[in-house]
Amino acid sequence: MQDLSPLLNVGWVHVAFAVDATSQQATFYVNGVPETPLVLSAPVSLTSSTGFAVGAQTPAGASPSALETDEFLLTARVISAPEAMALSLAPPAG
């Protein structure tokens, strides 16, 4: 993923991360623009016993991010590039 520091120094940055379990690819969208998809090295598995945290660097919630998380969206399907762009153009909810 690109270095977000220059963008963060200017203002709000929208980042979306879409994981496609079928194609085994993950894509970051920065301000609605897709980056090169990443090929996943293992199947996607998110069960109740899987550690999962938003806004932290570990599943236990340790090392919280210094960045503000305005919204979080978890869907049962992969968002499309136009949807990622629309989300990036929507005003922050907070």
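The largest nonpolar core has five members: Ala-16, Ala-18, Tyr-29, Ile-79 and Ala-84. Keep in mind that this is a predicted model. In soluble globular proteins, nonpolar side chains tend to be buried together.

Tyr-29 belongs to that core. Which residues does Tyr-29 contact, leaving aside its neighbours within four places in sequence? They are His-14, Val-15, Ala-16, Ala-18, Pro-34, Ile-79, Ser-80, Ala-81 and Ala-84.

**The chain as a whole**

The protein chain has two helices and four strands. Along the sequence they follow the pattern α-β-β-β-β-α. The chain counts 94 residues, and 16% of them are buried. Its accessible surface is about 6700 Å². Carbon and sulfur atoms account for 59% of that surface. Contacts can also be sorted by their reach along the sequence. Take those between residues at least 6 apart: 30% of them join residues at least 24 apart.

**An aromatic pair**

The structure holds one aromatic pair. The ring centres of Phe-17 and Phe-28 lie 4.4 Å apart, and the ring planes meet at 40 degrees, so the pair counts as tilted.

**A salt bridge**

One salt bridge is present in the structure. Its partners are Glu-83 and Arg-77, whose closest N and O atoms are 2.6 Å apart. Glu-83 has a relative accessible area of 27%, so this residue is partly exposed.

Leu-46, Phe-52, Val-54, Phe-72 and Leu-74 make a nonpolar surface patch of about 500 Å². Leu-46 lies in the loop between strand S4 (38-39) and helix H2 (81-89). With a relative accessibility of 48%, Leu-46 counts as partly exposed.

Most residues other than glycine have a negative phi. Gln-24 is not a glycine, yet its phi is positive, about 60 degrees. For Asn-31, also a residue other than glycine, phi is positive and near 50 degrees. Where do they sit? Gln-24 is in the loop between S1 and S2. Asn-31 is in the loop between S2 and strand S3 (33-34). Asn-31 has a relative accessible area of 31%, so it is partly exposed.

**Pro-37 and its surroundings**

Pro-37 is placed in the loop between S3 and S4. Its relative accessible area is 38%, which makes Pro-37 partly exposed. Leaving aside neighbours within four places in sequence, Pro-37 contacts Gln-25, Ala-26 and Thr-27. Met-1 is 36 residues away from Pro-37 along the chain, and their C-alpha atoms are separated by 9.7 Å.

**Partly exposed residues side by side**

| Residue | Relative accessible area |
|---|---|
| Leu-46 | 48% |
| Pro-37 | 38% |
| Asn-31 | 31% |
| Glu-83 | 27% |

Technical notes. Residues are numbered from 1 along each chain as its sequence is written. This is a predicted model: local features need pLDDT of at least 70, side-chain atom pairs count only at pLDDT 80 or more; totals for chains, interfaces and linings use all residues. Side-chain values use heavy atoms; hydrogens and water are left out. Patches are made of residues with over 30% relative accessible area and no salt bridge: like charges are joined within 9 Å, nonpolar side chains (Val, Leu, Ile, Met, Phe, Trp, Tyr) within 5 Å. Accessible areas come from the Shrake-Rupley method with a 1.4 Å probe; for residues, only the protein chains shown count as cover. A salt bridge is a side-chain nitrogen of Lys or Arg within 4 Å of a carboxyl oxygen of Asp or Glu. Buried means under 20% relative accessible area, exposed over 50%, partly exposed in between (1.4 Å probe, protein chains only). Rings of Phe, Tyr and Trp (its six-membered ring) pair if their centres lie within 6.5 Å; planes under 30 degrees apart count as stacked, over 60 as edge-to-face and the rest as tilted. A nonpolar core is a set of buried Ala, Val, Leu, Ile, Met, Phe, Trp, Tyr and Cys residues joined through side-chain atoms within 4.5 Å. Contact means heavy atoms within 4.5 Å.
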